[in-house]
Amino acid sequence: MTATTHPSFESVHTGDELPSVTVPITVPLIAGGAIATRDYFPGHHDLEAACQLGSSHIFMNILTTNGLVQSYVEGWAGPRARLMDLKIKLGAPNYPGDSMKFTASVTAKNDDKRSVQITLKGTNSMGSHVSGTVQVAFA
């Protein structure tokens, strides 16, 4: 087991890039995320229904994407950091068999609140799946 080090507020600077993370997109991730968030829309778990909607496969819901964004940023910031705000916009769908690569950078730092703004993007083979900003406060 390897120890993970997380940044401190003092060590973070505007322009710093977060390590990229790639998430494999699978049927269990999409369907499980939809069920866990009580989103029973058939396009998130029923292939036939998704195809009838004009989709090539089931597709990820925004709440699962939101959770992946939060996990990515909190994984970098560490357990003592607190997510203050999250604003995202969806683009291309996430389909099974693809992967989504998260990249991000620190775009603002607030000394009074001991917080930073992270601007991020999650891309798949079709382009940008998600983009947005996350505000994180450090202990």
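Modeller: Start with Ile 62, Leu 63 and Leu 90, which form a nonpolar patch on the surface with about 240 Å² of accessible area together. Patch members have over 30% relative accessible area and no salt bridge; nonpolar side chains (Val, Leu, Ile, Met, Phe, Trp, Tyr) are joined within 5 Å, like charges within 9 Å. The areas come from the Shrake-Rupley method with a 1.4 Å probe, and for residues only the protein chains shown count as cover.

Before we go on, a word on the ground rules: this is a predicted model, so local features need pLDDT of at least 70 and side-chain atom pairs count only at pLDDT 80 or more, while totals for chains, interfaces and linings use all residues. Residues are numbered from 1 along each chain as its sequence is written, and side-chain values use heavy atoms, with hydrogens and water left out.

Ile 62 belongs to helix α3 (helices are DSSP runs of H or I with at least four residues, strands are runs of E with at least two, numbered from the N terminus). At 41% relative accessibility, Ile 62 counts as partly exposed; buried means under 20%, exposed over 50% and partly exposed in between, with a 1.4 Å probe and protein chains only.

Helix α3 also takes us inside. The largest nonpolar core has 27 residues, and Trp 76, Phe 102, Val 116, Ile 118, Val 136 and Phe 138 touch the most other members. At least two residues of this core come from each of β1, α3, β3, β4 and β5, and α3 gives the most, with six. Such a core is a set of buried Ala, Val, Leu, Ile, Met, Phe, Trp, Tyr and Cys residues joined through side-chain atoms within 4.5 Å. In soluble globular proteins, nonpolar side chains tend to be buried together.

Now the rings. There are four aromatic pairs in the structure; rings of Phe, Tyr and Trp (its six-membered ring) pair if their centres lie within 6.5 Å, with planes under 30 degrees apart called stacked, over 60 edge-to-face and the rest tilted. One of the pairs is Phe 9 with Phe 138, tilted, at 6.3 Å centre to centre and 55 degrees between the planes. Phe 9 comes in the segment before β1 and Phe 138 in the segment after β5, so this pair ties together parts 129 residues apart in sequence. Phe 9 is buried at 6% relative accessibility, and Phe 138 is buried at 10%.

Another pair is Tyr 72 and Phe 102, stacked at 4.9 Å with 10 degrees between the planes. Tyr 72 is in α3 and Phe 102 in strand β3, so parts 30 residues apart in sequence are tied together here. Both Tyr 72 and Phe 102 are buried.

Back to Phe 9, which forms one aromatic cluster with Trp 76 and Phe 138. The charged end of Lys 109 sits over the ring of Phe 9, 4.3 Å from its centre; that label needs NZ of Lys or CZ of Arg within 6 Å of the ring centre and within 35 degrees of the ring normal.

The segment before β1 also holds Glu 10. Glu 10 meets Arg 114 in a salt bridge of 2.8 Å, N to O, the rule being a side-chain nitrogen of Lys or Arg within 4 Å of a carboxyl oxygen of Asp or Glu. Arg 114 lies in the loop between β3 and β4, so this bridge ties together parts 104 residues apart in sequence. Arg 114 is partly exposed at 27%, and its phi is near 50 degrees, a positive value in a residue other than glycine.
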